[in-house]
Number of protein chains: 2
Amino acid sequence: MEDVAIIGVGQSNFSRKCGITIKELVFEAFKEAMEGLDIVNGDIEASIICSSQYDPQRSPENPISEYLGLTPHPTFLIENACAASSTGLRAAWSFIKSGLHKIVAVIGVEKMSGQTSREAAERMGRAYDVTWESSFGLTMPGGYSMHARAHMAQYGTTEEQLAKVRVKNSYYSVKNPKATFKKALTLKEIFESMVVASPLKMLDCCANADGASCMILAEGGIAKTIAKIPVWIAGLGTGSDAGVSRRKSFTSFICARQAAEQAYAMAGVGPKDINVAEVHDCFTIAEIIAYEDLGFAEPGEGPRLLEEKETYLEGRIPVNLDGGLLCKGHPIGATGGSQIRTIVKQLRGDAGEIQVKDAEVGLAHNIGGIGHYANVTILRR
Amino acid sequence: MEDVAIIGVGQSNFSRKCGITIKELVFEAFKEAMEGLDIVNGDIEASIICSSQYDPQRSPENPISEYLGLTPHPTFLIENACAASSTGLRAAWSFIKSGLHKIVAVIGVEKMSGQTSREAAERMGRAYDVTWESSFGLTMPGGYSMHARAHMAQYGTTEEQLAKVRVKNSYYSVKNPKATFKKALTLKEIFESMVVASPLKMLDCCANADGASCMILAEGGIAKTIAKIPVWIAGLGTGSDAGVSRRKSFTSFICARQAAEQAYAMAGVGPKDINVAEVHDCFTIAEIIAYEDLGFAEPGEGPRLLEEKETYLEGRIPVNLDGGLLCKGHPIGATGGSQIRTIVKQLRGDAGEIQVKDAEVGLAHNIGGIGHYANVTILRR
């Protein structure tokens, strides 16, 4: 099944306020993705723009693809909350595998700085069902705090263990020049930050950001001729779940478990075969749940991976060595592509200070909403 | 190549104000599409929601797919301006052809009545480039009026000829119980309607609407066992164009010509082989340009098809027998699916009063923005 490869990856700087247009933001990511490839813009037969459209531009796929020199090839937009660009990857894989296109660009972008935090939080909240959920004031931190409380109640997880996710990710963020926050944080600093939705404090939460990402995919035969080191798409898994008010469990995301199962089966590997992973740590609790949903730890055992530093660079399964959403910032539509970029660089042996030695198989785990959607992607060198 | 079929089609009533939620609106379309199929909701392996999201619900794919009983299968949203659901069809085709899924639902929905006409027009205008175009006040009627003026200047097309598009489509709208406007109009009524953007008058323009559409696609072998009359996807064509301020021609949509060429080549047919068509008549001028872009008439000769009634039911190539966007109303994300529904019903021999005798090959032409995107789909019985 491994006949579609990622041949280029890029991302813009992620920041709280980019000060440029979405076209310029995307160009930064596209430029990096095209570096070293023996193709011109016109060789890209389709583009998929992945975004939740926080910017005033409607139907941004047209101005973006024209700006990148991709006209008159087809372009369209995928929205899938925070999982948009991994869903875009899945669609691009299908376009290539079905024979419709040979080279496809998947471009994630979000410019959130045009809205106040309050406006963005209200809007983001409306990803919950507007009839039965968001209308009662549920926000994203509120939703994830319920998951944190449930995990604490069921497994005895502590606030200190949650904070240790941020300690790890902030430790590595210093090595990522494109991250929004590049400062190693202490447990004390995290504990002293303002409570947002107990037990989650400000530094347990990722931040809205401006940013773009780009992945260029190609059919296998072509990939081998135009990329130095193609990275193969070995496994794809996906799923959705009911609205939060109809969920059975708050200590796991059912759709992420389903996505992981599908991706492992398609790739013919298991959790123990993964050398490096990026997981969707929009809140500290989310990374712990991801460990468990992906099979890196048994249910309730996620915090132990942190205590034993198993998810650090030297550990058994290094996770979020690029700083994660918590430190990079979370420009919604761009996040999934940024995760894949990190894994691709690892598998190419091009990850610099955070390089996992001899990484052969990597995994990216991207959640949309609060477990509304999940994509798990397994890549192989 | 004809190994993906459409096995079910449906649409809600299109109206100026539906008074129900988007979930209920979609249910109407889904229910009709499922009629007579020997499957249950859970057999649908993925759903693609196509929308420009005029409703307050963000990420509507989750509440919609849950409401339809499609959870935990994957779901995501495609936006492609007014071409969204034909782009959704293309993506669904790829998912099936690539082997990822066997049965996929493509669901278009728009609920525009929550906004005033002025709000909707401003928002729709922002599908033009916000830096260089919409910021100077360009709206959709304004853009299409430039096309009408150009066609009049270059080919001597008259306002009366434009109005004849609406006369034809309104004549047939009476036979479509799901259309917003079901009244045969006279040339005089059209001429006396308020000028919106000269030469386009109110009745040269389609209306914003609330509505939903649904197409269910299946892999060929399965299609034959679960649908009485599968309708085969024979040709797919697509394209995009630069922003309007960088266009070379205002008498044609380059991307529609490209899409038609691709679709004809893939299906192995030409314009003369098409027995029935639905074209994107968001404004009267758009239908005339579509005749020419699709090769039904030479450039500048489009109006003659109307004068000679060639696009009426008894003519050489009947077009928009369901009333077109002009009379059905134009719920952006739902429109492409509604066009395909009409063609599918024709090819099944199930079109009632508007049935084209022995229709074997049909075509749907769906434009996004003002020639920003185009999809041409050719279906075969």
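Tutor: Happy to. B:F181 touches B:S173 and B:C327, leaving out residues up to four places away in sequence; a contact means that two C-beta atoms, placed from the backbone, lie within 7 Å. Bear in mind that this is a predicted model, where local features need pLDDT of at least 70, side-chain atom pairs count only at pLDDT 80 or more, and totals for chains, interfaces and linings use all residues. Residues are numbered from 1 along each chain as its sequence is written, while chains are lettered from A and ligands numbered from 1 in the order in which they are written.

Student: Where is B:F181 found? And is B:F181 buried or exposed?

Tutor: B:F181 is in the loop between α6 and α7 (187-192) of chain B. B:F181 counts as buried, because there are 23 C-beta neighbours inside 10 Å. The cut-offs are 20 or more other C-beta atoms within 10 Å for buried, 12 or fewer for exposed, and partly exposed in between, with C-beta atoms placed from the backbone. Helices (H or I, at least four residues) and strands (E, at least two) are DSSP runs, numbered from the N terminus.

Student: How far apart are the C-alpha atoms of B:F181 and B:S198?

Tutor: They are separated by 23 Å, and the two residues are 17 apart along the chain.

Student: Staying in chain B, how do α6(B) and α10(B) pack?

Tutor: Helix α6 (residues 159-173) and helix α10 (residues 284-293) of chain B pack at about 95°, and their axes are 8 Å apart. Axes here are lines fitted to C-alpha atoms, for helices over the stretch in contact, and angles run from 0 to 180 degrees between N-to-C directions. The two helices are therefore roughly perpendicular; that label covers 65 to 115 degrees, with under 35 roughly parallel, over 145 roughly antiparallel and the rest oblique.

Student: Which residues meet there?

Tutor: From α6(B) you have B:L162, B:A163, B:V165 and B:R166, and from α10(B) B:T284, B:I285, B:E287 and B:I288. They divide into 5 nonpolar, 1 polar and 2 charged. In that scheme Ala, Val, Leu, Ile, Met, Phe, Trp, Tyr, Cys and Pro are nonpolar, Asp, Glu, Lys and Arg are charged, and the others, Gly among them, are polar.

Student: And at what angle do α6(A) and α10(A) pack?

Tutor: About 95°, with the axes 8 Å apart. That makes α6(A) roughly perpendicular to α10(A).

Student: What about α3(A) and α13(A), how do they cross?

Tutor: Their axes come within 5 Å and cross at roughly 65°, α13(A) being residues 332-348. On the α3(A) side the contact has A:A84, A:S85, A:S86 and A:L89, which meet residues of α13(A) including A:G333, A:G336 and A:I340.

Student: Switching to strands: how much of β10(A) is buried?

Tutor: In strand β10 (residues 361-368) of chain A, 7 of the 8 residues are buried, so the strand is largely enclosed by the rest of the structure. Strand β9 (residues 276-278) of chain A pairs with β10(A) in the parallel sense over 3 bridges; pairing requires DSSP to find at least two bridges between the strands. A:E278 has A:A364 as its bridge partner.

Student: What joins β10(A) to β11(A)?

Tutor: 8 bridges, and the two strands run antiparallel, β11(A) covering residues 373-380. They form a hairpin with 4 residues between them, and A:G369 in the turn has a positive phi of about 65°.

Student: Nice. Which strands are joined to β8(B)?

Tutor: Strand β1 (residues 4-11) of chain B is joined to β8(B) by 2 bridges, antiparallel, and B:I6 stands opposite B:V231. There are also 8 bridges between β8(B) and β11(B), again antiparallel, with B:W232 partnered by B:R380. 9 of the 10 residues of β8(B) are buried, so this strand is largely enclosed by the rest of the structure.

Student: Last topic: how many residues of chain A are in contact with chain B?

Tutor: 44 residues of chain A are in contact with 44 of chain B. On the chain A side, the elements giving two or more residues are α2 (61-67), β3 (75-79), α3 (84-97), β8 (231-240) and α9 (254-267). That side divides into 16 nonpolar, 20 polar and 8 charged residues.

Student: How do β3(A) and β3(B) pair?

Tutor: In the antiparallel sense, over 3 bridges. A:E79 stands opposite B:L77.
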